[in-house]
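Please consult the coordinates alongside each topic.

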Amino acid sequence: MCSIEHLLSTRDFQGEALLNSMQLTEDVLVINQLVHSKAKHEKKLPHENFYTAHNSRVRVLSYAEKGIGISRKRALQEGRGDILLFTDDDMVYKKDYAQLVRETFRAHPQADLFMFKVERLAQKERPEAKQSRGVRKLSWYNSLRYGAINIAIKRAFVEKTGISFDERFGSNLFLSGEDSVFIADALAAGAQIYSSSEPIARVDMSQSSWFSGYTEDFLKNRGAIFYRINPRYYKFLCLQFALRKKHLFDASFSISRMMKCMDEGKHLFIETFGELK
C-alpha cells in the first residue's frame, strides 16, 4: 500500500491539537514558520518526531522565516511519502479521504498529479472554479484554476523531474502565484495531471493572507505570474484573463487599464529578478 504524507505549511505550530482538529490520519511533515517574536525565541528542536492519536508519524521542521512559497519548497524537498498532499492549517479532512486518494491513484496509474476537490467555505468575493464531475485529464489551460491545497503528487515524479516551488511567489513581493507557477512547471516537465470531483476536505476561506479584493495590486501580481509562467505568451495570458475576469472588477477597470496593471507587475518582476527568456 502506498504511503501518503501531508505537507503542512503553518506558522507558530499549535501542536497535536491542531492536527487532531484537522482530522488527519496519515503521516505529516510540518513546515513551521516562526513568525511572532515570542515563538522565535523559544527553544525548539530543528527536527521533532511524535505520533498523533491516529498513530500517524509527525515530523516538524521549524524556520525563522516567512512566505508560503519557501514553505512549500522546503516541504517538497523533505517529503517522504509515496503521495504528497499539500495541506493548510485551516483545512478539515473527510473521514475517508486517505482511502479515496489511494484508490483514485490506483485506478489511474498514469497520473503523476491529481487535483482533488476541496470544499471552500465562506468564499464570497472569489467565485469557486467549476469542476467537471468524475475524473478528468487536465490540460495546460484548465489546470491553473486550482490551488496547492488541491494537489496530491507522486514523489517519484518530483524526484525524476526535480520540480519545486518558486519562492519568489507567495512572498512579500508577490503574495500569491506559487501554486500556479508550480502547476505550469509540472506540465512543462511532462506531468500527467487529472482532477477528481470527489471532495477530500473543506477549507475556511473567510480570511486570506494575500487576497484583499480585485485591485490594481491583484492585477500586478497576476501579471508577474503570467510572465513567470510563459514570457513568450505573456500578452495572450493577460488578455484572456482580462476578458474572462473583467466582470469581477469595478467599472473603473477597462481592459486597457487591466492590461496596464499587469504590465506593471511584469516590469516589477524584471526589475527585481531580471528578464526571462
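Leu 187 is located in helix α7 of this predicted model. With a relative accessible area of 18%, Leu 187 falls under the 20% limit and therefore counts as buried. Its contacts beyond four places in sequence are Ser 139, Trp 140, Ser 143 and Ile 193. The C-alpha atom of Leu 187 is 9.8 Å from that of Leu 113, although 74 residues separate the two along the chain.

**Overall composition**

- The protein comprises 10 helices and 10 strands.
- It has 277 residues, of which 50% count as buried.
- Of the contacts between residues at least 6 apart in sequence, 73% join residues at least 24 apart.

**Nonpolar cores**

- In soluble globular proteins, nonpolar side chains tend to be buried together.
- The largest nonpolar core in this model contains 52 residues.
- Within this core, the residues with the most contacts are Phe 86, Ile 153, Phe 182 and Met 262.
- Helix α8, spanning residues 216–229, gives the most to this core, with 7 residues.
- Which residues does Phe 86 contact, leaving aside its neighbours within four places in sequence? Its partners are Leu 7, Arg 72, Leu 76, Tyr 93, Ala 148, Ile 149, Ile 151, Ile 153, Phe 165 and Phe 182.

**Aromatic pairs and cluster**

- The structure holds 20 aromatic pairs.
- In the pair formed by Phe 165 and Phe 182, the ring centres are 4.2 Å apart and the planes are at 0°, so the arrangement is stacked.
- This pair links distant parts of the chain, since Phe 165 belongs to the loop between α6 and α7 while Phe 182 belongs to helix α7, 17 residues apart.
- Phe 165 is buried at 3% relative accessibility, and Phe 182 is buried with a relative accessible area of 1%.
- One aromatic cluster is made up of Phe 169, Phe 174, Tyr 227, Tyr 234, Phe 269 and Phe 273.

**Arginine side chains over rings**

- Arg 74 is placed over the face of Tyr 63, 3.9 Å from the ring centre.
- Arg 222 is placed over the face of Phe 226, 5.6 Å from the ring centre.

- Helix α3 covers residues 68–78.
- Its buried residues are Gly 69, Ile 70, Ser 71, Arg 72, Ala 75 and Leu 76.
- These buried residues pack against strands β1 (4–11), β2 (27–33) and β5 (83–88), and against helices α6 (155–161) and α7 (178–188).
- Two residues buried in α3, Arg 72 and Leu 76, are also among the contacts of Phe 86.

**Strand pairing around β9**

- Strand β9 (residues 151–154) runs antiparallel to β5, to which it is joined by 3 bridges.
- Strand β9 also runs antiparallel to strand β7 (residues 113–121), again joined by 3 bridges.
- Which residue in β9 is the bridge partner of Leu 85? The partner is Ala 152.
- Ala 152 in β9 also stands opposite Phe 114.

**Buried polar residues**

- His 6 lies in strand β1 and is buried, at 0% relative accessibility.
- The side chains of His 6 and Thr 87 are joined by a polar contact of 2.9 Å.
- Leaving aside its neighbours within four places in sequence, His 6 is in contact with Leu 24, Glu 26, Asp 27, Val 28, Leu 29, Leu 85, Thr 87, Tyr 93 and Tyr 97.
- Asn 142 is found in helix α5, residues 140–143.
- Asn 142 is buried, with a relative accessible area of 7%.
- Where does the side chain of Asn 142 reach at 2.7 Å? It reaches the backbone nitrogen of Ser 139.
- Ser 139 is also one of the residues touched by Leu 187.

Conventions. Residues numbered from 1 in each chain as written. Predicted model: local features only at pLDDT ≥ 70, side-chain atom pairs only at ≥ 80, totals over all residues. Heavy atoms only, no water. Buried < 20%, exposed > 50% of the residue type's maximum accessible area, 1.4 Å probe, protein only. Helix = DSSP H or I, 4+ residues; strand = E, 2+ residues; numbered from the N terminus. Contact = heavy atoms within 4.5 Å. Phe/Tyr/Trp six-rings, centres within 6.5 Å; stacked < 30°, edge-to-face > 60°. Lys NZ or Arg CZ within 6 Å of the ring centre and 35° of its normal. Pairing = 2+ DSSP bridges. Core = buried A, V, L, I, M, F, W, Y, C linked by side-chain atoms within 4.5 Å. Polar contact = N/O pair within 3.5 Å; in protein donor to acceptor, adjacent residues only side chain to side chain.
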